[in-house]
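The report below describes a single protein chain, with its sequence and coordinates shown first. Please keep both in view while reading.

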Amino acid sequence: MDDDSDEPVIITGRKATRNHRLTIAEKEANRLLNCERAAVEHGFANLKSWRFLTKIR
């Protein structure tokens, strides 16, 4: 999501099709988005592992 709190926007990646190859700029934007997404997914995985440990206790 975008940082602007007044008008939140969800940013999605670009996908290549058979007739439309991704440009270098689109590939770079996808790469940057995936880096951010990976960090968030690692955070969620970490939270889930801690929740699992609390249920065992």
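## Overall architecture

How many helices and how many strands does the chain have? The chain has 1 helix and 0 strands, where helices (H or I, at least four residues) and strands (E, at least two) are DSSP runs, numbered from the N terminus. This is a predicted model, in which local features need pLDDT of at least 70 and side-chain atom pairs count only at pLDDT 80 or more, whereas totals for chains, interfaces and linings use all residues. Residues are numbered from 1 along each chain as its sequence is written, and side-chain values use heavy atoms, with hydrogens and water left out.

The helix, H1, covers residues 24-56. The chain has an accessible surface of about 5,800 Å², a value that comes from the Shrake-Rupley method with a 1.4 Å probe (for residues, only the protein chains shown count as cover). Carbon and sulfur atoms account for 56% of that surface. Of the 57 residues in the chain, 7% are buried; buried means under 20% relative accessible area, exposed means over 50%, and partly exposed lies in between (1.4 Å probe, protein chains only).

## Salt bridges

How many salt bridges are there? The count comes to 2 salt bridges, under the rule that a side-chain nitrogen of Lys or Arg must be within 4 Å of a carboxyl oxygen of Asp or Glu. Side chains of opposite charge can pair when their charged atoms come close. One of these pairs joins Glu26 to Arg14, with the closest N and O atoms 3.3 Å apart. Glu26 belongs to helix H1 while Arg14 belongs to the segment before H1, so this pair ties together parts that are 12 residues apart in sequence.

Another salt bridge is formed by the side chains of Arg31 and Glu28, at 2.8 Å from N to O. Here both partners lie in helix H1, 3 residues apart, which is about one turn of the helix. Arg31 is partly exposed at 43% relative accessibility, and Glu28 is likewise classed as partly exposed, at 36%. The side chains of Arg31 and Glu28 are also joined by a polar contact of 2.8 Å, a term that stands for a pair of N or O atoms within 3.5 Å; within protein, one must be able to donate a hydrogen and the other to accept it, and residues adjacent in sequence count only if both atoms are side-chain atoms.

## Buried positions in the helix

Is Glu26 buried or exposed? Glu26 is buried, having a relative accessible area of 15%. Its side chain makes a polar contact with the side chain of Arg14 at 3.3 Å. When neighbours within four places in sequence are left aside, Glu26 is in contact (heavy atoms within 4.5 Å) with Arg14, His20 and Arg21.

Asn30, also placed in helix H1, is buried with a relative accessible area of 14%. Which residues does Asn30 contact, leaving aside its neighbours within four places in sequence? They are Gly13, Arg14 and Leu22.

## Distances between the helix and the preceding segment

Arg31, found in helix H1, and Gly13 are 18 residues apart in sequence, and their C-alpha atoms are 8.8 Å apart in space. Leu32, placed in helix H1 and partly exposed at 46% relative accessible area, has its C-alpha atom 9.6 Å from that of Gly13, across 19 residues along the chain.

Thr12 lies in the segment before H1 and counts as exposed, with 59% relative accessibility. Between Thr12 and Asn34, which are 22 residues apart in sequence, the C-alpha to C-alpha distance is 9.8 Å.

## A nonpolar surface patch

Which residues form a nonpolar patch on the surface? The patch consists of Val40, Phe44 and Leu47, which together have about 310 Å² of accessible area. Phe44 lies in helix H1. Patches are made of residues with over 30% relative accessible area and no salt bridge, with like charges joined within 9 Å and nonpolar side chains (Val, Leu, Ile, Met, Phe, Trp, Tyr) joined within 5 Å.
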